[in-house]
Amino acid sequence: MTYGYSGKILKVDLSTGEIGIENLSEENMRKYMGGKGLVYHYLKDSVNKNTDPYSEENPLYFMTGLATGIPTGGTSRMIMGTKSPITQGFGISESGGFVGPELKKAGWDGIIVEGKSEKPVYLYIKDDKVQIKDASHLWGKGNGEVNDIIKEENKDKGIKLSQIGQGGENQVHYACVINDLKHACGRNGMGAVMGSKKLKAVAIKGTKGIKFKDKDKITEISKWYAKYQKDKPLSKGLYLYGTAAGVESLDKSGILPTRNFKDGSFEKAKEISGQTMADTILAERGGCFACPVRCKRVVEVNKEDIKVDPKFGGPEYETIGSMGSMCGIGNLDVIAKAHEMCNDLGLDTISTGVSISFAMECYERDIITKKETEGLELNFGNEEALLKLIKDISEKKGLGKILSKGVKKASEIFGGGSEEFAMQVKGQELPMHEPRGKIGVGLGYSVSPTGADHMQAAHDTMITEEGPMLDSVKTLGITKPADPKAYGKDKAEFYALNEKWWGFLNMIGMCDFIPAPRGSMPIDKFIELINASTGWDVTPEECMEVGERGITAARKVNYDLGVDESYEELPKRLYQPLENGALEGVSMDRDKFIEMKHYYYEHFGWDEKGYPKEETLQRLGL
Amino acid sequence: MIIEISDVFLKENQDKSKIEVEINEPKKIIEVLEEIGIENLGYAIFYLNEIKVDKNTTVNNQDKLTVLPIVGGG
């Protein structure tokens, strides 16, 4: 008997139509605890250096974690994995929402999708009943319409859905998977791989529920947390203003990515902030499965010239940055429209916005002209151009065809020195966090197995002094604060320890906004919750080791696939000075950065080229 | 001095996010804020006349202080 997970993974081969079960042992679940760890467990022997991510040999995973489905909040994560068409390496992308918990309620810890269908299909799962259904009538349609049709034809409005839009169908490299229209497995091209398999959607209905070892304890902690978090600043900020709560402070600190990371301050920052959103287009505060924090935004615009449907939720900070300050756009209505379009078409808002921002800079520098833009005045701040290019990218039309490949490929096509400001690592566009003011975030962008990624560790700005933030993580062995602009051995260790904890949260299927340090739940209480669910005796030390195992496992897969240290270069622009804001004139120091990265390797027991040493692999059971 | 405080730090009975206070002598930011009943300052960042400072910075009557929640990404 297992508690907190079922030990069953659904296996579907779209080439043959076979449906089966893969059993997951307690030993492996304890070793990996879900998510990224399980993706490693299955992916490592399934792909090699020559596997085309769009071929039938590349599997696609929908995984949950041990925490997924515990009714406390933050326990909503679904973790997708594949060989990424963006990085050609270990691909992972996570999402909140409801799909993960629904999958577990249906009795499955995950889904392995193999092969490739000849015609469009969707997967329908109702507990043990699993069907591959025809989706020919859905192909070419947007996520909003398809969501309605699938619910209608299965006569169940409660179905939870993972979907791809036209972006995934057309294999835009950074096409994403949209969950219940509002949540995204945004990164690493999961939607493109799903589209290559002609899998339009996964529709899930779970009625079995999840068995917990100590249900009373879970209820007690859940009730306690719902009340406890209400007046805690970290939760309250997310509730009141969403993930965009920090736009103004980032701007004042000179670290709001603006105009393709040329600038650190945006003159219209206040107009695109979470506070302004709350005062203008916010229709309601939404949330994920069982979560009392409710950080999600639901926005509505109903003006003569622009309408935004609330069924697609609302823009997160990442979207506000990538479509707003990065493109020089200070109009929340337009940003909300861009968000709606991306969710309907199934495009990652970060990569889409950064790609358009890159094209705007190329246009302003005359690297591309109206010939390439087909007459479009592609200056920063052009709202119509932003919305037109989103559509063109999804259809791979005109300039959109080049931008659909991402900025790395686009810079190779455009030339003119544009690679210096192509803001990507391993082919993946930078999220909306400025490494020149947060050196640890820069380290994360560089060493992340998935390319530039902001969700690898707590950001530098969180634990800068003695106080409650530092106190909240002492149980993890993090005993000293760190200066956001510092390099060196201490900083590398600070980052590595934080990364192990976040790595663990990402594996277990837990939102980073609930447990400390980013959230208000004390770490000991969170671990108590996991033990109440499983009946295990997990300790903070074990959590850190699981996190470390996930980080090293992902690195091993990447190196085996040829994605090694040479893919860890940061964009050249980061070694050049910011052109405005509080950090005007500040740049990163490459020598110090590389030295810090090697301290980081050392901390993890990797060699000077970043490959895990044999004794490290043995210690972690890899 | 003028203090702008994010709603995140206001209690239910504190409805003003912009406060004007008179200080008779230079004081540390943390002292001024504690005197007017603002708590949880370990989760705040401070901008004095638009420049980022720490909680022990001394302020005067003619200053403008902005108190915003810590940002951590995500």
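This is a predicted model: local features need pLDDT of at least 70, side-chain atom pairs count only at pLDDT 80 or more; totals for chains, interfaces and linings use all residues.
View 1. Residues are numbered from 1 along each chain as its sequence is written, while chains are lettered from A and ligands numbered from 1 in the order in which they are written.

**View 2. Here domain 1 of chain A meets domain 2 of chain A.** Domain 1 of chain A brings 35 residues to the contact and domain 2 of chain A brings 31 (two residues are in contact if their C-beta atoms, placed from the backbone, lie within 7 Å). On the domain 1 side, α4 (143-153) and α5 (166-169) of chain A are the elements that give two or more residues. Helices (H or I, at least four residues) and strands (E, at least two) are DSSP runs, numbered from the N terminus.

**View 3. Chain B touches chain A.** Look for 17 residues of chain B in contact with 27 residues of chain A. On the chain B side, β4 (44-48) and β7 (64-69) of chain B are the elements that give two or more residues.

**View 4. Step inside chain A.** You can find 24 helices and 18 strands in chain A. Of its 622 residues, 61% count as buried (20 or more other C-beta atoms within 10 Å of the residue's own, with C-beta atoms placed from the backbone).

Methods:
A residue is buried if 20 or more other C-beta atoms lie within 10 Å of its own, exposed if 12 or fewer, and partly exposed in between; C-beta atoms are placed from the backbone.
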